[in-house]
Amino acid sequence: MAKFVVIGGSISGLLASISLSRQGHEVKIVDPTASNTDLDLEKRFSSRQKGMAQRHHSHAFLAKLRNILRSNFPDILDALLDAGAFEMPFMEFLPETILQKNSEPDDVDLVGIGARRTTFETVILGIAQKESGIDFIAGEILGLVASKNTCNPTKIRGVRTKNGDEILGDLVIDCSGRNSERNKWLENLELRGETIEESPCPIQYLTRFYKLPSSALFPEPDGRFAGDFGYIKVGIFPADNGFFSTTVGLNDRDKQLKGLKNPEAFDRAMLAFEHTGKWLRIKDVKPITNVEVMTKLKNRRRRPVTLNQDGSLVGLIALGDSLMHTNPLYGRGCTISSMQAQELPKIIDRSNDETQLIENWNAYVGKEIFPYYDMAVFQDAQDFMTGENGGTPPKGSLSYVIKEGVVPASYVDAGVYRAFIKAFNLIGGPFDLLSDPEVLATINKTISKRESNTWQLPDPFGPAHDELVKLIENSL
Ligand SMILES: Cc1cc2nc3c(=O)[nH]c(=O)nc-3n(C[C@H](O)[C@H](O)[C@H](O)COP(=O)(O)OP(=O)(O)OC[C@H]3O[C@@H](n4cnc5c(N)ncnc54)[C@H](O)[C@@H]3O)c2cc1C
């Protein structure tokens, strides 16, 4: 048994702590909000916390995350469903335009979870509160405690809170999110900081939550949860207990659509897209929040100093957003946190000492986690190519293949639809979408038909850019 100090008690801190506690370890979670033990879903949904704006945005909980819960934390999955979240079997929601429906045995693994982010977090918190190996300590970490000897690597022995308390453990796990101050803490100890790589995400994220009247049901799903219209991305997120949200990914450079931040303009725009409009048109649906906006989003990863270099460390690792975070449009953050949470105890088990533990953790992160950073940066760069007002991306680019091949083929072909859903839900490797020869052949055929004008897309299910600009102007 070892003793761990976890900085941050949100999704990654909670999942990692539960995972460690169930392997017989002792965990102390330190978070400024730890004294708030109230598990009331609605109170948590309406409360705000500085630096945690993402809590009030739509969250997709991907099939890979649901599968990790099902096999490693089945009680969390059950508790989520009991709390009003629900499973979304994507292969049962095929678009009507797919006439030849087929099923495959592993379709049972293509199931996501519909829930508000606050519900997801609250349920995990409730489970963590019951774990005998987990203690919650209310406090803000301002620094790390290092061993006094000056040997290389330096041993991190614990953390220091704002009150000056020291909390010591065998390993400190930084789960303090995307704004982690780890480098500042290291520099205060005169240690070398980690290398930070980052790239801007080309979008702004706008979300509004709504609630159905208690008598109403969600509309019949038809596979169209999101649409990429080139100039804008629009998604609908069914959630727990009659809540749902719509989210818009707006090109950062598109000044003409800034008016969407206005709640009235936002609602009118959402009514104009077929897949969101049918939700907003349900009788007596009420907006519950304002239009929440997040800007200046980044892909960011932090590479620790390697163990044979000056300034290298043992006794400290990063997990969740504090290690790496990527464009929220891809909906991967919580899934990637859960992957790390389930892997950490296994890595601890097979490491003979703290040096090997760091080596094994870094090797795992390099192999299984960081490729998602490369993928996000690549996808964002492709997205830039589509330009401000949509249009066709350059021939030969991945964007072109997606827009002219994958998307149209997924409207009519169950195999391509399945491959697309798998890729989005991280079932398989990060670059697997185009690896199945049959799927690839269908995509290539679709591109050829589109290029020879013998294959038209089904009717667009949303307004063109200029129509939307007019609609917004008329609402302001
Ligand atoms: C707009 C937006 C939309 C997103 N959509 C999705 C999605 O659809 N699907 C998905 O899976 N992911 C999504 N994400 C990503 C997801 O929200 C994150 O991956 C997830 O929140 C990471 O959790 P975390 O626990 O690592 O960090 P956080 O949730 O940021 O939590 C950090 C915790 O650390 C605590 N803390 C911070 N500093 C200190 C300190 N000094 N001392 C002690 N405690 C501290 C905070 O109080 C907090 O509890 C989205 C992100 C954004 C920004």
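Trainee: Is E190 buried or exposed?

Mentor: This is a predicted model, where local features need pLDDT of at least 70, side-chain atom pairs count only at pLDDT 80 or more, and totals for chains, interfaces and linings use all residues. Residues are numbered from 1 along each chain as its sequence is written. We call a residue buried if 20 or more other C-beta atoms (placed from the backbone) lie within 10 Å of its own, exposed if 12 or fewer do, and partly exposed in between. E190 has 9 C-beta neighbours inside 10 Å, so E190 counts as exposed.

Trainee: And what is the phi of E190, given that it is not a glycine?

Mentor: Most residues other than glycine have a negative phi. E190 sits in the loop between α6 (182–188) and β10 (195–200); helices (H or I, at least four residues) and strands (E, at least two) are DSSP runs, numbered from the N terminus. Although E190 is not a glycine, its phi is positive, at about 60°.

Trainee: N241 also has a positive phi, so where is it placed?

Mentor: N241 is a residue other than glycine, and its phi is near 55°. It is partly exposed, because 17 other C-beta atoms lie within 10 Å. Its place is the loop between β13 (232–238) and β14 (243–251).

Trainee: Which residues does R301 contact, leaving aside its neighbours within four places in sequence?

Mentor: R301 belongs to strand β17 (residues 298–303), and with 23 other C-beta atoms within 10 Å it is buried. Contact here means that the C-beta atoms of two residues, placed from the backbone, lie within 7 Å. Beyond its sequence neighbours, R301 is in contact with E197, M324, F370 and Y373.

Trainee: How far apart in space are I348 and A272?

Mentor: I348 lies in helix α9 and is partly exposed, with 19 other C-beta atoms within 10 Å. Not counting residues up to four places away in sequence, I348 touches A2 and L357. A272 is another story: it is 76 residues from I348 in sequence, and C-alpha to C-alpha the pair are separated by 52 Å.

Trainee: Which element gives the most to the shell around the ligand?

Mentor: The shell has 35 residues, the closest being G8, S10, G177, G320 and G333; a residue is near the ligand if its C-beta atom, placed from the backbone, lies within 6 Å. Two or more residues come from each of α1 (11–21), β2 (26–31) and α9 (333–349). With four residues, the top giver is α9.

Trainee: How many charged residues are in that shell around the ligand?

Mentor: Ala, Val, Leu, Ile, Met, Phe, Trp, Tyr, Cys and Pro count as nonpolar, Asp, Glu, Lys and Arg as charged, and the others, Gly among them, as polar. Twelve of the shell residues are nonpolar and 18 are polar, while the charged ones number five.

Trainee: What separates the centres of domain 1 and domain 2?

Mentor: The chain is divided into domain 1 (3–59 + 116–199 + 299–377) and domain 2 (201–296), with bounds from an automatic or database domain assignment. Their contact takes eleven residues from domain 1 and 16 residues from domain 2. Taken over C-alpha atoms, the centres are separated by 31 Å.

Trainee: How many residues of α5 are buried?

Mentor: Among the buried ones are F120, V123 and L125. Their cover includes α1, α2 (41–46), α4 (74–82) and β5 (134–138). Helix α5 is largely enclosed by the rest of the structure, because its 14 residues have a buried count of ten.

Trainee: Within what arc do the buried residues of α13 fall?

Mentor: The buried residues of α13 (residues 437–451) are V439, T442, I443, T446 and I447, and they pack against α11 (398–412) and α12 (414–424). The face turned away from them carries the exposed residues P437, E438, A441 and E451. The arc uses the directions from the helix axis to the C-beta atoms. The buried residues line one face of α13, because seen down its axis they fall within an arc of 140°.
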